[in-house]
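User: I would like to learn how to read the features of a model like this one. Please take them one at a time.

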Amino acid sequence: MTTTPATNWIEACDADAIDAEDVIRFDHAGHTYAIYRSPDDEYFATDGLCTHERIHLADGLVMDHIIECPKHNGRFDYRTGQAKGAPVCLNLKTYPVKLDGGKVLLGLA
C-alpha cells in the first residue's frame, strides 16, 4: 500500500500582489517557485527556474496561460508545466495552489 504525502500549505503572497496575466517569484526553504495569476483570475504555481538553463521564470513574460523564459524564449503552459517549444524540452513541476482569506497558499508535500 502506498501513501500520499501530506500537503503543507505555505503562504506565498497576498492574492492582490499578482496582477492578472503576471508572475512573481517566491522563495521558500532553499527552493524557488513561480506563482501565476491567469487572465481568468486563477492562481497557479510551478518551479521557479527554467528547465533549460535554470533562469528565473518570474523575470519572463506571461501571455494568456504561457510563461516565456527571459533568456532563450522557451515557453511553458504554467497550468500543466508542459514545455511548449525549443529550446525547452523538459516540463516544469507544478504545485497545488489555493486562496484563503486573500492569501495565496502553495501546497508542498
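This is a predicted model: local features need pLDDT of at least 70, side-chain atom pairs count only at pLDDT 80 or more; totals for chains, interfaces and linings use all residues.

User: How many helices and strands does the secondary structure of the protein chain come to?

Analyst: Begin with the count, then the order. The protein chain has zero helices and 11 strands. Read from the N terminus, the elements are β-β-β-β-β-β-β-β-β-β-β.

User: What radius of gyration does the protein chain have, and what would a compact globule have?

Analyst: The value is read against a reference for the chain length. A compact globule of 109 residues would have a radius of gyration near 13 Å, so the 14 Å of the protein chain agrees with that. Along the principal axes, the C-alpha atoms fill a box of roughly 40 × 35 × 25 Å.

User: How much of the chain is buried, and what does the accessible surface come to?

Analyst: Burial is counted by residue, surface by area. Of the 109 residues in the protein chain, 40% are buried. The accessible surface is about 6100 Å², and carbon and sulfur atoms hold 45% of that area.

User: How many aromatic pairs does the structure hold?

Analyst: There are four aromatic pairs. A pair is read from the distance between ring centres and the angle between planes. One of them, Tyr33 with Tyr95, is edge-to-face, at 5.1 Å centre to centre and 85 degrees between the planes. This pair links distant parts of the chain, since Tyr33 is in strand E3 (residues 31-37) and Tyr95 in strand E9 (residues 94-95), 62 residues apart. Tyr33 counts as buried because its relative accessibility is 7%, and Tyr95 counts as buried at 13%.

User: Which geometry does the pair of Tyr36 and Tyr78 have?

Analyst: Tyr36 and Tyr78 are stacked, with 4.5 Å centre to centre and 5 degrees between the planes. This pair also links distant parts of the chain: Tyr36 is in strand E3, while Tyr78 is in the loop between strand E7 (75-77) and strand E8 (83-85), 42 residues away. Tyr36 has a relative accessible area of 0% and is therefore buried; Tyr78, at 0% relative accessibility, is buried as well.

User: Which residues form one aromatic cluster with Phe26?

Analyst: Phe26 forms one aromatic cluster with Tyr33 and Tyr95.

User: Is Ala83 buried or exposed, and why?

Analyst: Buried means under 20% relative accessible area. Ala83 has 16%, so this residue is buried. Ala83 is found in strand E8, and its contacts beyond four places in sequence are Arg75, Phe76, Val88, Cys89, Leu90 and Asn91.

User: Where is there a cis peptide bond?

Analyst: Omega is the angle to read here. The cis bond joins Ala86 and Pro87, with omega about 10 degrees. Pro87 lies in the loop between E8 and E9.

User: What is phi of Glu21 and of Asp41?

Analyst: Look for positive phi in residues other than glycine. Phi of Glu21 is near 60 degrees, and phi of Asp41 is near 70 degrees. Glu21 is in the loop between strand E1 (8-14) and strand E2 (22-28); Asp41 is in the loop between E3 and strand E4 (43-47). Glu21 counts as partly exposed at 32% relative accessibility, and Asp41 counts as partly exposed at 44%.

Key
Residues are numbered from 1 along each chain as its sequence is written. Side-chain values use heavy atoms; hydrogens and water are left out. Helices (H or I, at least four residues) and strands (E, at least two) are DSSP runs, numbered from the N terminus. The radius of gyration is taken over C-alpha atoms; the globule rule is 2.2 Å times the number of residues to the power 0.38. Buried means under 20% relative accessible area, exposed over 50%, partly exposed in between (1.4 Å probe, protein chains only). Accessible areas come from the Shrake-Rupley method with a 1.4 Å probe; for residues, only the protein chains shown count as cover. Rings of Phe, Tyr and Trp (its six-membered ring) pair if their centres lie within 6.5 Å; planes under 30 degrees apart count as stacked, over 60 as edge-to-face and the rest as tilted. Contact means heavy atoms within 4.5 Å.
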